[in-house]
Amino acid sequence: MLGLGRKDTTLFAIVVLVTVLAPFLLNPFPADSAMAQFNSGYPDLMQRFAIYGIFAIGFNILFGLTGYLSFGHAAFLGVGSYSAVWMFKLLSMNVIPALILAVIVSAIFSVVIGFIALRRSGIYFSILTLAMAQMMYNLAYSVFSNPAMNLTNGETGLQVYASDPQYLKGNGPDVTHLFGLQMNSTYEMSVAGWKFDFGVGYYLCAVIMLVAFYIAIRIFRSPFGIMLRAVKSNQHRLNYTGVNPRPYNLAAFVISGMYAGLAGGLLACMDPLAGAERMQWTASGEVVIMTILGGAGTLVGPILGAGFIKYFENIFSKINENVLHSWFHWLPESVQNFVVHVLSPFFGEGWSLTMGLMFMAVVIFLPGGLVEGGLRIGRLFRRRPAPTPDAATKPAE
Amino acid sequence: MDTLILQFLNGLDKGSAYALIALGLTLIFGTLGVVNFAHGALFMIGGFCAVTLQKILMISSVTLDPTKLNFLGKPTEVKTPYVEVFFGKDVGAFIVDWSVPLAIFFAIPIMIGVGYVMERGLIKHFYKRAHADQILVTFGLAIVLQEVIKYFFGANPIPTPAPEAFRGSVDFGVWLGFAPDLIIYPAWRLVYFIFSLVIIGAVFAFLQFTTFGMVVRAGMADRETVGLLGIDIDRRFTVMFGIAAAVAGLAGVMYSPISSPNYHMGMDFLVLSFVVVVVGGMGSLPGAVAAGFLLGVLQSFASLNQVKALLPGIDQIVIYLIAIIILLIRPRGLMGRKGVMED
Amino acid sequence: MGILEVKGVNKRFGGLQALGDVNLSVQEETVHAIIGPNGAGKSTLLNCLVGKLIPDSGSVMFDGKSVLGRKPYEINQMGISRVFQTPEIFGDLTVMENVMIPCFAKRDGTFRLHALESVTHEKAIREQAESILAEVKMLEKKDFHSGTLSRGDKRRLEMAMCLVQQPKLLLLDEPTAGMARADTNNTIALLKDIKQRHKITMVIIEHDMHVVFSLAERITVLAQGTPLVEDTPENIKGHPKVREAYLGEAQV
């Protein structure tokens, strides 16, 4: 179906189902129960799942297939956001022109950066992308926010003001919308204690993510995808097989840059504000972590990784000492204090520490990420040798 | 002329830090073949060694002074650091005042220990794996180290003052025959520059003139052959990792009065130090040092008002621009050897 | 006029004259071996043919066109395939995918953005790949991860990857180096088979005299970067200069 193989169709169908039903699935606990803090089915967070899913899917097309480890992909995310906000400022709050410009501008940037960075491979490529992204961050943060040419509005961040021209606005709304359908409008459904939110913004992000995911599957299963995996496996042989690896690498780089730009544009559509911190190298590091945690080179890995990181970043980080105490209230007081004392560095503010440790553990023990972990567990239960996952990967040089 | 000299001097302290971190990075890369993204964290831990020592020295005994009453009519608390109790008021105060330089002796064993544990416990297992894996695992380690420090010391920078004697400025211009007050330079930055020269000199002398260093250099050039000679090169490389960690740590200790240590200072310096290493030439120690100073000074010149008027914002991006240009026209860097990481 | 014409090729590395005035003419549909003692310049010559090295002077004409200054992938597109000393394959990919890549390269050229086409729908390419795998007796292993294959199988696979492109010239760089006797004989049988079936022109660089004399129709002896003689195997065996320079030290 849809030009996919049977296994891929099943996978895609599952992802579609989960995405559509996410408002239910992510709110499994009644709204006023103690467990409600683990609910993540509110539109703000679900949007981020989808948007960072797109970001990671795109990153995976570059890293997972070719093995080129970019440490500067957040630059394209930022470029996408800035472009989108500019469209809001100049035209109207309609998201379509914003997203189109975001993708086009990030494509242009990734052609230039990719052309330069791909002249080198391995560690040099990582450092070159890192350097160029940091440079773009500095440009956005300070250089392009001078009075003569204020492209980014520096520290404050680029936003829409009432004085902006908005030539096509007419009587359109003041919030981001899709031909009148406002991004922030939600429909709330209550069923016996449970509350479910259906946001327009989330469903826009979800549909776009599904399209992005579908395209990624097609790329993985295409001759082009095989060529990219061949680049990772043995670039030397590829050269002597009559294939010029460089345009393939550049194409992969640009595609993944466009994915990042699309994600950045969507971020701006959900909240029309673009700041330079979105381009910082820590943000680039984040997408690296998402992709590898989920499973680089696998199809669903990046989505899983993005969801995982964003879930824990928003939910795990709210667990403070009081919450921990309430969890362990059944223990004798001294034991309880001790347990909470030991655990507290890893929760709440310390979530980054937990994430760092988890990331290290995955790199060391589980190079295929959560997807490989899941497959291993699955094999334990099925007790028969399962075929190797699609392009089970170890990151290459 | 005087502004140029001043800018030059201003570039030296940053340049010294870049050079020291890049030197360690290159040592680790040259010996172990590992790209260490956690090296900036070692610099940061060095800075926090200074913080820790200062805190230890400030541990005080609290006595009540019944002769002075506070506004509630109770005796005021008088804090006396234990060092002053033990060594007397003058010596004790001196020790507290000099806590940053003293932290050098405190930091050396700690840094070597941290380096040793890092190498034996983690990095050892990654020699045979792809460079991307090495980058990833050390990147993870950097996050972990930085979060641990954040947990213990908080997110805010902690001021660690230089000794009283070096807190002022020196009139550098007078030494060079300029009129007074033209070239004023903070004394501690001068100390930092000289200190870094000493450390760099010591590392080079160690590699050049000791048998140990000779073996390491031979191992850097051709690991297999040296291994075949029956020399346990891995052990020596472990030691070199400890030394590289100590160099980064000392750079951090002495930098703490220039910029108060915070938990993410390591990452900030790391990105630039990588650029330095690449510009200097992967695997070249003199290249790392030269490029460190060069980029520090260039950055300083680029922040001159006249230059900024001509090219707005150039100070923010000059290092990256130079790195990109050098990598494109001279992929091996300024002093890189052929064949290092070429494929 | 041969399909491959090397004229007056010189190559120096610093003070070392690796190749000195090499002339070589390879006729179509022959197996031409280049032999010579270690350091005779065999590999340097081969690298000049495939675009890895550029000679200091001289010309290398293939099929009437110069190969000098072209990139390895361009030279491959002209019809030269190469087998390496240690088999170079795509270890992370399946055997089938390994063979399909050269098919795509042959059909689509050095680059094509076929990102949304499906590999499963490439019927013609699959058939091509499967028939060549059958020929080298690897068909039943087509879904194996090629990195897990034995060395002999890797060699077969690499050979299949070259043959599937139907090259006009196949270059083999010591195809039996480091192999056990049985594997060597298998490789010889495979090459003989290929020669018969495909009528392909081959240039073999080889150390092992057994291999050379089982396969070659013409032999060029290289010593110190210069061709000593070029002749048929029978004449080479008896040639006094060759015995002196080379065969004296080897077992024939």
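A nonpolar core, as I use the term here, is a set of buried Ala, Val, Leu, Ile, Met, Phe, Trp, Tyr and Cys residues joined through C-beta atoms within 7 Å. I am working from a predicted model.

**Entry 1: the core**

I started with the largest nonpolar core, which holds 298 residues. Which of its residues touch the most other members? I found F55(A) and V275(B).

I then listed the partners of F55(A), leaving aside its neighbours within four places in sequence. F55(A) is in contact with L77(A), Y259(A), A260(A), A263(A), V287(A) and A306(A).

**Entry 2: which chains touch**

I checked the chain pairs. There are 2 pairs of chains in contact, and chains A and B share the most contacts. No contact joins chain B and chain C. Their closest C-alpha atoms lie 14 Å apart.

**Entry 3: chain A against chain B**

I counted 38 residues of chain A in contact with 32 residues of chain B. On the chain A side, helix 5 (122-143), helix 9 (281-294) and helix 13 (351-365) each supply at least two residues. Helix 5 of chain A gives the largest share, 15 residues. I sorted this side of chain A by class and got 23 nonpolar, 11 polar and 4 charged residues.

**Entry 4: chain C against chain A**

Here 32 residues of chain C are in contact with 27 residues of chain A. I looked for the elements of chain C that give two or more residues to this side, and noted helix 2 (72-78) and helix 3 (95-108). Helix 3 of chain C has the largest share, 7 residues. By class, the side of chain C that touches chain A has 17 nonpolar, 8 polar and 7 charged residues.

**Entry 5: chain C overall**

I turned to chain C by itself. Chain C has 9 helices and 10 strands. Its radius of gyration is 19 Å, close to the 18 Å that the globule rule gives for 252 residues, so chain C is as compact as a globular protein of that length. Along the principal axes, its C-alpha atoms fill a box of roughly 60 × 40 × 35 Å. I find 43% of the 252 residues counted as buried. Of the contacts in chain C with a separation of 6 or more, 66% are between residues 24 or more positions apart.

**Entry 6: a sheet in chain C**

I traced an open sheet of 4 strands in chain C, with the order 2-1-4-5 and antiparallel pairing. Which are its edge strands? Strand 2 (16-26) and strand 5 (65-66) are, since each pairs on one side only. Strand 1 (residues 4-13) and strand 4 (residues 57-62) run antiparallel and are joined by 5 bridges. I noted that N10(C) stands opposite S57(C) in strand 4 of chain C.

**Entry 7: P227(C)**

I picked out P227(C), which lies in strand 10 (residues 226-231) of chain C. Is P227(C) buried or exposed? The cut-off for buried is 20 or more other C-beta atoms within 10 Å. P227(C) has 21 C-beta neighbours inside 10 Å, so it counts as buried.

I also took a distance. P227(C) and G20(C) are 207 residues apart in sequence, yet 8.7 Å apart in space, C-alpha to C-alpha. Beyond its neighbours within four places in sequence, P227(C) is in contact with V22(C), N23(C), L24(C), T220(C), V221(C) and L222(C).

Notes. Residues numbered from 1 in each chain as written. Chains lettered and ligands numbered in written order. Predicted model: local features only at pLDDT ≥ 70, side-chain atom pairs only at ≥ 80, totals over all residues. Contact = placed C-beta atoms within 7 Å. Nonpolar A, V, L, I, M, F, W, Y, C, P; charged D, E, K, R; others polar. Rg over C-alpha atoms; globule rule 2.2 N^0.38 Å. Buried ≥ 20, exposed ≤ 12 C-beta atoms within 10 Å, placed from the backbone. Pairing = 2+ DSSP bridges.
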